[in-house]
Amino acid sequence: QVQLVESGGGLVQAGDSLRLSCAASGRIFRLYKMGWFRQAPGQQRELVAGITSDGSTNYADSVKGRFTISRDNAKNTVYLQMNSLKPEDTAVYYCATVRSVWSQEYAYWGRGTQVTVSS
C-alpha cells in the first residue's frame, strides 16, 4: 500500500523560505514520478512541480525560479524548496505519485500540509 506523508508546512512572512518533505513507502520509490500540488480555498487543485524517475522536472509558471523539486531515492523522500514566498502561495500542499511506471495519472495522495504566507 502506497503511503505519502508530507511535513514542513507552516506560517511564514512574504519573502521567506520553506522546505516541504514527503516520505513515501509501500513500493520502490525511485521508479515513480512524484509531484507536488496545492489547493487554495475556493480554488481547484493545481500542479506545482513534478519530477520523473530520472530526475527531469517541470514547474507551474507561477513558481518557476522560486521553487525547486528534488528527490532523494535513498531516503524515499521528495522535497519542495520554496523561496521568495508570496501571499498567493498560501494553500494546502499535497504530495502525489503516479499509478504505475507507465502512467502520467497521479493516483496516490498524501493528506497535505498547510502553507500560509502573510504579507
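Helices (H or I, at least four residues) and strands (E, at least two) are DSSP runs, numbered from the N terminus. The model is predicted: local features need pLDDT of at least 70, side-chain atom pairs count only at pLDDT 80 or more, and totals for chains, interfaces and linings use all residues. Residues are numbered from 1 along each chain as its sequence is written, and side-chain values use heavy atoms, with hydrogens and water left out.

**Exercise 1.** Locate Leu31 and state which surface patch includes Leu31.

Solution.
- Step 1: Leu31 sits in the loop between strand E3 (18–25) and strand E4 (34–39).
- Step 2: Its relative accessibility is 34%, so Leu31 is partly exposed; buried means under 20% relative accessible area, exposed over 50%, and partly exposed in between (1.4 Å probe, protein chains only).
- Step 3: Together with Ile28, Val101 and Trp102, Leu31 makes a nonpolar surface patch of about 450 Å². Patch residues have over 30% relative accessible area and no salt bridge; nonpolar side chains (Val, Leu, Ile, Met, Phe, Trp, Tyr) are joined within 5 Å, like charges within 9 Å. A salt bridge is a side-chain nitrogen of Lys or Arg within 4 Å of a carboxyl oxygen of Asp or Glu. Accessible areas come from the Shrake-Rupley method with a 1.4 Å probe, and for residues only the protein chains shown count as cover.

**Exercise 2.** Find the disulfide and describe its two cysteines.

Solution.
- Step 1: Counting pairs of cysteine sulfur atoms within 2.5 Å gives one disulfide.
- Step 2: The pair is Cys22 and Cys95, with S to S at 2.1 Å.
- Step 3: Because Cys22 lies in strand E3 and Cys95 in strand E9, the pair ties together parts that are 73 residues apart in sequence.
- Step 4: The torsion about the S-S bond is about -75 degrees, which means that the disulfide is left-handed.
- Step 5: Cys22 is buried at 0% relative accessible area, and Cys95 is buried at 0% relative accessibility.

**Exercise 3.** Describe the surroundings of Asp89.

Solution.
- Step 1: Asp89 is in the loop between strand E8 (77–82) and strand E9 (91–98).
- Step 2: With a relative accessible area of 1%, Asp89 is buried.
- Step 3: Leaving aside neighbours within four places in sequence, Asp89 is in contact (heavy atoms within 4.5 Å) with Arg38, Arg66, Phe67, Ser84, Val115 and Val117.
- Step 4: The side chains of Asp89 and Arg66 make a polar contact at 2.8 Å. Such a contact is a pair of N or O atoms within 3.5 Å; within protein, one must be able to donate a hydrogen and the other to accept it, and residues adjacent in sequence count only if both atoms are side-chain atoms.
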